[in-house]
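Me: Hi, could you walk me through this structure? I'm new to it.

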Amino acid sequence: MKLFHESEGITRRQFFKGAGMLTVAAVISGVFAKFGFDVFAASDDYITQRVAGLYTLDESMAIRKSHENPEIIQIYKDFLSPGKVECVSPKAHHLLHTKYGKDIPGFIAELKNPHHVPEVESAANEETSTEEPAA
Amino acid sequence: MSNENGKVLKHGTQTRTMHWIHLLAFIILGLTGVGFYWDIGGIASIFGGEANASLVHRWTGVVFVVGPLLYTLLNFDRFSRFMDTISHFSKDDFAWLKVMGGYLPFIKADDVPPQDKYNAGQKILGWLIIIGCLLIILTGFPMWLWRHSVPAVFLSFCYDVHFWTAMVLILLVAGHFFLAAIHPKSRVEFSSMMLDGYIDAEITAHHNAKWFAELKESS
């Protein structure tokens, strides 16, 4: 049986077309990659400067930790946990923690009628009063 | 049909290997990509969940790039001949396109013009696949490697181009599969690319008359 094969090698025209296509693909990919790397470098530089800025700002602050802030300590002593600093006191928990889902309608009602004490807080206060009798 | 006897080696081993690798990579990329876009949990499950499917998609993308690139660099002569063939459109090619090679039932084609190693339709498909692959590769890697650096608008543009190019390529490959493996006029091509590389000389003399004339002259 006779077998037909393509001849080996390429003509000058074929070489230029093959090399041309590879060059075009390489140039397009190179330009695209250059853009990407430049943007990446710019982004990296921005992040470095932003981090440096935040650290510099932080270092220049007189008070750098919230739990050492005299005003916060005073709020706890006067209002959130009277007479002491108890960061997870029931009142602090009730007032400072975010409400989600089913708690939201009750919270809205409480905001509309601030003098009404919700059941949760009453229960929490009762619990606190049994655990820690007033001095 | 002519009365030529013998066989023609249409696709060499390296070409067939590259075609297989690219095909398998394309199927995996297409499947995982479609799964991501339409959030089809069943597809992600095949690849071990969303996170694994994402990893598979990205690293198969690397195979999708490296496979043809290695082939091109190691078989520059074959690649150059391929580029020469698909970039050469003669009057015969335009005449072939007018009758769509006789493949469409509603276009009457008594005499289909002689074609090169690839007919005019395959030449156009070749260009569309090259351009489509470049687009999908150039938009895919920024989505993976630079997603936290490039502007959101550019990233969104990459996602759009990546998706629509993929859709076009999937349709093109489906059409390519139909013509190469199912259509009665051309399904003889299937084994030449997927199995041993050979095709009957008689068929080549009919479908690729210009190329066969060159083969006869050189042998």
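Reply: Happy to; here is how the two chains meet. It is a predicted model, where local features need pLDDT of at least 70 and side-chain atom pairs count only at pLDDT 80 or more, while totals for chains, interfaces and linings use all residues. Residues are numbered from 1 along each chain as its sequence is written, and chains are lettered from A and ligands numbered from 1 in the order in which they are written.

Me: Great. How many residues does the contact take from chain B and from chain A?

Reply: Chain B gives 24 residues and chain A gives 24 residues, with contact meaning C-beta atoms, placed from the backbone, within 7 Å.

Me: Which helix of chain B gives the most to the side that touches chain A?

Reply: Helix 4 of chain B, with 7 residues. Helices here are DSSP runs of H or I, at least four residues, numbered from the N terminus.

Me: Switching topic: how do helix 1 of chain A and helix 6 of chain B cross?

Reply: Their axes, lines fitted to C-alpha atoms over the stretch in contact, with angles from 0 to 180 degrees between N-to-C directions, come within 11 Å and cross at roughly 20°. Helix 1 of chain A and helix 6 of chain B are therefore roughly parallel, a label for angles under 35 degrees.

Me: Which residues make that contact?

Reply: From helix 1 of chain A, Ala25(A), Ile28(A), Ser29(A), Phe32(A) and Gly36(A); from helix 6 of chain B, Leu134(B), Leu138(B) and Pro142(B).

Me: And how many are nonpolar, polar or charged?

Reply: That contact has 6 nonpolar, 2 polar and no charged residues; Ala, Val, Leu, Ile, Met, Phe, Trp, Tyr, Cys and Pro count as nonpolar, Asp, Glu, Lys and Arg as charged, and the others, Gly among them, as polar. On the whole side of chain B that touches chain A, the residues divide into 12 nonpolar, 8 polar and 4 charged.

Notes: Helices (H or I, at least four residues) and strands (E, at least two) are DSSP runs, numbered from the N terminus. Angles under 35 degrees count as roughly parallel, over 145 as roughly antiparallel, 65 to 115 as roughly perpendicular and the rest as oblique. Two residues are in contact if their C-beta atoms, placed from the backbone, lie within 7 Å.
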